[in-house]
Amino acid sequence: MSYLTLFLAALIAATVLPMQSEVVLAYQLTDPSLSVPLLLSVATFGNVLGSTVNWIAGRFLRQFQDRRWFPVKPAQLARAEAQYRRYGRWSLLLSWAPFIGDPLTVVAGVLREPLPSFLLIVTIAKAGRYLIVIALTLAWL
């Protein structure tokens with residue numbers, strides 16, 4: 001059940017919904033019966049899957065940008081696209097970052113970043129963040 005809880009927290013945290021999977025991971029690291037490599041894998045997989053949901057949304061949401069309910073103003077979308085084009089796919093290494101990471105994964109979908117490169121770069125970023133959380137938590141314990 002602990003691994004499922006972490007998976008769901010990581011999945012939700014990678015979408016635009018507010019959630020802190022790092023806190024769940026840090027708490028679970030206090031349980032010696034849980035495998036650290038498995039916790040890392042579960043958190044990373046859940047978080048990358050959540051980012052992939054954002055990428056898919058970006059691929060299909062653009063067609064609705066002229067609707068009143070569309071959550072992003074045209075100027076904001078244009079600015080985000082310009083930034084992504086300026087820094088390219090490697091900007092996805094910031095997909096772990098609060099506030100900018102989730103929208104960045106949506107923009108990658110809007111701009112049709114190929115899924116294989118998206119998955120590779122986002123996985124590196126997300127796993128790196130969780131490795132840091134694990135290292136800091138275990139050093140503190």
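## Exercises on a predicted helical model

Let's begin at the surface: Met-1, Leu-4, Leu-8, Ile-12, Leu-17 and Met-19 make up a nonpolar patch with about 590 Å² of accessible area together. Areas follow the Shrake-Rupley method with a 1.4 Å probe, and for residues only the protein chains shown count as cover. Patch members have over 30% relative accessible area and no salt bridge; like charges are joined within 9 Å and nonpolar side chains (Val, Leu, Ile, Met, Phe, Trp, Tyr) within 5 Å. A salt bridge here is a side-chain nitrogen of Lys or Arg within 4 Å of a carboxyl oxygen of Asp or Glu.

This is a predicted model, where local features need pLDDT of at least 70, side-chain atom pairs count only at pLDDT 80 or more, and totals for chains, interfaces and linings use all residues. Residues are numbered from 1 along each chain as its sequence is written, and side-chain values use heavy atoms, leaving out hydrogens and water.

**Exercise 1.** Find where Leu-17 lies and decide whether Leu-17 is buried or exposed.

*Solution.*
- Step 1: Leu-17 belongs to the loop between α1 (2-14) and α2 (21-28). Helices are DSSP runs (H or I, at least four residues; strands are E, at least two), numbered from the N terminus.
- Step 2: Apply the cut-offs: buried is under 20% relative accessible area, exposed over 50%, partly exposed in between (1.4 Å probe, protein chains only).
- Step 3: Leu-17 has a relative accessible area of 52%, so Leu-17 is exposed.

**Exercise 2.** Search the whole structure for aromatic pairs, and classify the pair of Trp-55 and Phe-118.

*Solution.*
- Step 1: The search gives three pairs. Rings of Phe, Tyr and Trp (its six-membered ring) pair if their centres lie within 6.5 Å; planes under 30 degrees apart are stacked, over 60 edge-to-face, and the rest tilted.
- Step 2: The ring centres of Trp-55 and Phe-118 are 6.0 Å apart and the planes are at 35°, so this pair is tilted.
- Step 3: Trp-55 is in helix α3 (residues 36-61) and Phe-118 in helix α6, so the pair ties together parts 63 residues apart in sequence.
- Step 4: Both Trp-55 and Phe-118 are buried.
- Step 5: Phe-64 and Trp-69 are also tilted, because their centres are 5.5 Å apart with planes at 45°. Phe-64 is partly exposed, at 25% relative accessibility.

**Exercise 3.** Describe the backbone and setting of Phe-99.

*Solution.*
- Step 1: Phi of Phe-99 is near 75°, a positive value in a residue other than glycine.
- Step 2: Phe-99 sits in the loop between α4 and α5 (101-110).
- Step 3: Phe-99 is exposed, at 80% relative accessibility.
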